[in-house]
Amino acid sequence: MADHRLSVSAGVEAAIRRHGEETYPHECCGALVGRDGRVSDVVPLPNTTEEGPRRRFLVRPSDYRDAERCASEVGAELLGFYHSHPDHPARPSQYDLDHAWPTFAYIIVSVAGEGFPRRSADLSRHSADLSRHSAEGATAEGATAGDMTVWYLKDDRSTFDEGTLYHGENSHPDTAQTVHR
């Protein structure tokens, strides 16, 4: 197994969590920009899936190109993507596996609505209750981002390896900012 490590600054972590909370009960998605395993910026992307944004996300080719352009503009590279799992653990789904690209890091943040467990272990235990939860009437108010994990697609594309996510660390003294398109 490869030793996968990713470092996110406090600003990057806060931006990902905020994006997940703001889009709840839908999945958010965005690009991770940086160098050498250090995420310095995020590029929030629109979730354009037609399968229902509550449980799916889609990055269009044009959004991918925009993310690469934003990375180039700040002298960095596209390191991967992030997305949220509303009311579910921060673990990749089969859909995530089926749509992942090699070499990228994939950060997943669990976001729970008011009245739902905040930790992955609790979310797993309460999955039956969560599956009965209706998205109707659910809003971002009261949503809280919980566990945040990073994953890397294995070379044979059979599954993901969980990486090590270093929180609040950055080689630059400035707080990372969201890259605006």
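**Surface.** I took accessible areas from the Shrake-Rupley method with a 1.4 Å probe, where for residues only the protein chains shown count as cover. On that basis the protein exposes about 9,200 Å², and carbon and sulfur atoms supply 47% of it.

**Ground rules.** I noted that this is a predicted model, in which local features need pLDDT of at least 70, side-chain atom pairs count only at pLDDT 80 or more, and totals for chains, interfaces and linings use all residues. Residues are numbered from 1 along each chain as its sequence is written, and side-chain values use heavy atoms, with hydrogens and water left out.

**Fold.** I counted helices (DSSP runs of H or I, at least four residues) and strands (runs of E, at least two), numbered from the N terminus. The protein has five helices and eight strands. Along the sequence I read the pattern β-α-β-β-α-β-α-β-α-α-β-β-β. I then looked at contacts (heavy atoms within 4.5 Å). Of the contacts with a separation of 6 or more, 75% are between residues 24 or more positions apart.

**Helix α1.** I found 14 residues in α1, residues 10-23. From first C-alpha to last, α1 reaches 20 Å, close to the 20 Å expected at 1.5 Å a residue; the expected span is 1.5 Å times one less than the number of residues.

**Burial.** I called a residue buried under 20% relative accessible area, exposed over 50%, and partly exposed in between (1.4 Å probe, protein chains only). Buried residues make up 47% of the 181 residues. In α1 the buried ones include V12, A15, I16 and H19.

**Cores.** A nonpolar core is a set of buried Ala, Val, Leu, Ile, Met, Phe, Trp, Tyr and Cys residues joined through side-chain atoms within 4.5 Å. Which residues of the largest core touch the most other members? Of its 23 residues, these are A31, L45, V59, L78, F81 and F160. I saw that β2, β3, α2, β4, β5 and β6 each supply at least two residues of this core. Helix α2 gives the most, with four residues. A second, separate core of 22 residues includes A15, I16, V109 and Y152.

I also listed the contacts of A31, leaving aside neighbours within four places in sequence. Among them are V43, L45, A67, L78 and F81.

**Cysteines.** I searched for disulfides (pairs of cysteine sulfur atoms within 2.5 Å) and found zero. For C28, the nearest cysteine sulfur is that of C29, 6.9 Å away. C28 counts as buried because its relative accessibility is 1%. C70 counts as buried because its relative accessibility is 0%.
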